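User: I have a model open and want to learn how to read its features. Can you walk me through it?

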Amino acid sequence: MLAGLFAASIQLAHSSETLTLIDRPAADSGPTEISAGIWVVDINSIDSAQQSFVADVAVALHWKDSRLAHTSGGVVHYGLEQIWHPRVVIVNETNSVIRMLPETFDVEADGTVLYRQRYVGSFTQPLRLQSFPFDKQDFRVHLVAIRYSPNEIKFVPDQAWVDVGLKQAGGIAQSITLLDWTVDKWDIKTLPYTLAPGLIYSGYVFEFTASRKVEHYILKVILPLILIVMMSWAVFWIDPATSNSQISIAVTSMLTLIAYRFAVDSQLPRLPYMTRLDGLFLTSTLLVFFSLIEVLVTTILDNKQQTERAKKIDRYCRAIFPAIFAVASIAIFA
């Protein structure tokens, strides 16, 4: 009796496994066509430091599976493991992404299978930040049919969405909460996903290009930085005899610049390359440092009774330092 129960359990397990591994419909007739529609409901934020963005994305997929045709006259609901499906995932989603709808399939009488889902959360996106903060970035939501190559699964725009005026069966809502970026354009296309050499899966991607709004950085980062550098040039107009005032201004400018740099660094990841803003900070730091060196030199000359020579150096620096800063700034941002 125990042996009979054991055999029956093995058979039951084998049957359930067979259901989960059911083959795609019409596998001998070429790739299975998956009609897809992607709508970005909202883009909440873009985090350059974490190289990610938070969005609300609605996805609709449907395909034909004649094996599921029925005569009930309505829609039949199935769970994830009850029927074949392309096992579509978003490969760049993070653990924070929440699925707002039940993971079920609606099957119409003719065997058309419809899957709807709404993904809300953070998606990873490698960024190229060399031009920060005057940069433009590409972001994507990449749908991939795990286990299926482009020869087995073919994604196409949902014609029903196109017929109602949604170009490429997708789009972005006109009103989004993204404040510090401007969405310039978007696109939808097939894009295979390469997991490893030789492991290529069928994919479908929604891409959008966004430009960073620079007003914040100009008014709250670059302009104060320029003022800090200009403050350090005040030492060139102070009499070398009052060296205490010169040194105080130069040291204060340097410390202010360092503290300011730490505040700005929190907005960026640790990069192996310099951004444009890094270049401006480096130029500013060097000029403030050399203004401190100039103060030390003129102070030494004044102590050696070479006051006229010290004043002459100050006069030269009044023109040289602003000229160097202007040329360097043009070279960095041009």
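The dialogue below goes through salt bridges, strands, a surface patch and some backbone details.

User: What should I know about the model before I start?
Analyst: This is a predicted model: local features need pLDDT of at least 70, side-chain atom pairs count only at pLDDT 80 or more, and totals for chains, interfaces and linings use all residues. Residues are numbered from 1 along each chain as its sequence is written, and side-chain values use heavy atoms, with hydrogens and water left out.

User: How do I read a salt bridge, and how many does the structure hold?
Analyst: Side chains of opposite charge can pair when their charged atoms come close. The cut-off is a side-chain nitrogen of Lys or Arg within 4 Å of a carboxyl oxygen of Asp or Glu. The structure holds 12 salt bridges.

User: Which residue forms a salt bridge with Asp106?
Analyst: Arg116 does, with the closest N and O atoms 3.2 Å apart. Asp106 lies in strand S6 (residues 104-107) and Arg116 in strand S7 (residues 112-124), so the pair ties together parts 10 residues apart in sequence. Helices (H or I, at least four residues) and strands (E, at least two) are DSSP runs, numbered from the N terminus.

User: Is Asp106 buried or exposed?
Analyst: Start with the cut-offs: buried is under 20% relative accessible area, exposed is over 50%, and partly exposed is in between (1.4 Å probe, protein chains only). Asp106 is buried, at 17%.

User: Where do Lys136 and Asp184 lie?
Analyst: These two side chains meet in a salt bridge of 4.0 Å, N to O. The pair links distant parts of the chain: Lys136 is in strand S8 (residues 136-145) and Asp184 is in strand S11 (residues 181-190), 48 residues apart. Lys136 counts as exposed, at 52% relative accessibility. Asp184 counts as partly exposed, at 40%.

User: Which helices hold Asp278 and Arg261?
Analyst: The side chains of Asp278 and Arg261 meet in a salt bridge, 2.6 Å from N to O. Asp278 sits in helix H5 (residues 276-303) and Arg261 in helix H4 (residues 243-265), 17 residues apart. Asp278 is buried at 13% relative accessibility, and Arg261 is partly exposed at 25%. Salt bridges can also share partners: Glu93, Arg99 and Glu103 are joined into one network that way.

User: Back to S8. How many of its residues are buried?
Analyst: S8 is mostly covered, with 7 of its 10 residues buried.

User: How do I read strand pairing there?
Analyst: Two strands pair if DSSP finds at least two bridges between them. Strand S4 (residues 88-90) and S8 run antiparallel and are joined by 3 bridges. In that pairing, Ile90 has Leu143 of S8 as its bridge partner. S8 also runs antiparallel to strand S14 (residues 203-212), with 9 bridges between them. Here Arg140 has Glu207 of S14 as its bridge partner.

User: Which residues make the nonpolar surface patch?
Analyst: First, the rule. Patches are made of residues with over 30% relative accessible area and no salt bridge; like charges are joined within 9 Å, and nonpolar side chains (Val, Leu, Ile, Met, Phe, Trp, Tyr) within 5 Å. Accessible areas come from the Shrake-Rupley method with a 1.4 Å probe, and for residues only the protein chains shown count as cover. In this structure, Met274, Leu282, Leu286, Phe289, Phe290, Ile293, Leu296 and Val297 make a nonpolar patch of about 670 Å². Val297 is found in helix H5. Val297 is partly exposed, with a relative accessible area of 38%.

User: What should I look for in the backbone of the loops?
Analyst: Look at omega and phi. The peptide bond from Phe132 to Pro133 is cis, with omega near 5°. Pro133 lies in the loop between S7 and S8.

User: Where is Ala26 found?
Analyst: Ala26 is in the loop between helix H1 (2-20) and strand S1 (32-47). Ala26 is not a glycine, yet its phi is positive, about 50°. Ala26 counts as exposed, at 55% relative accessibility. Gln168 also has a positive phi, near 60°. Gln168 is found in the loop between helix H2 (159-163) and strand S10 (170-172), and counts as partly exposed at 25%.

User: Is Thr71 buried or exposed?
Analyst: Thr71 is exposed, with a relative accessible area of 84%. Thr71 lies in the loop between strand S2 (52-64) and strand S3 (76-79). The C-alpha atoms of Thr71 and Glu108 are separated by 9.3 Å, and the two residues are 37 residues apart along the chain.
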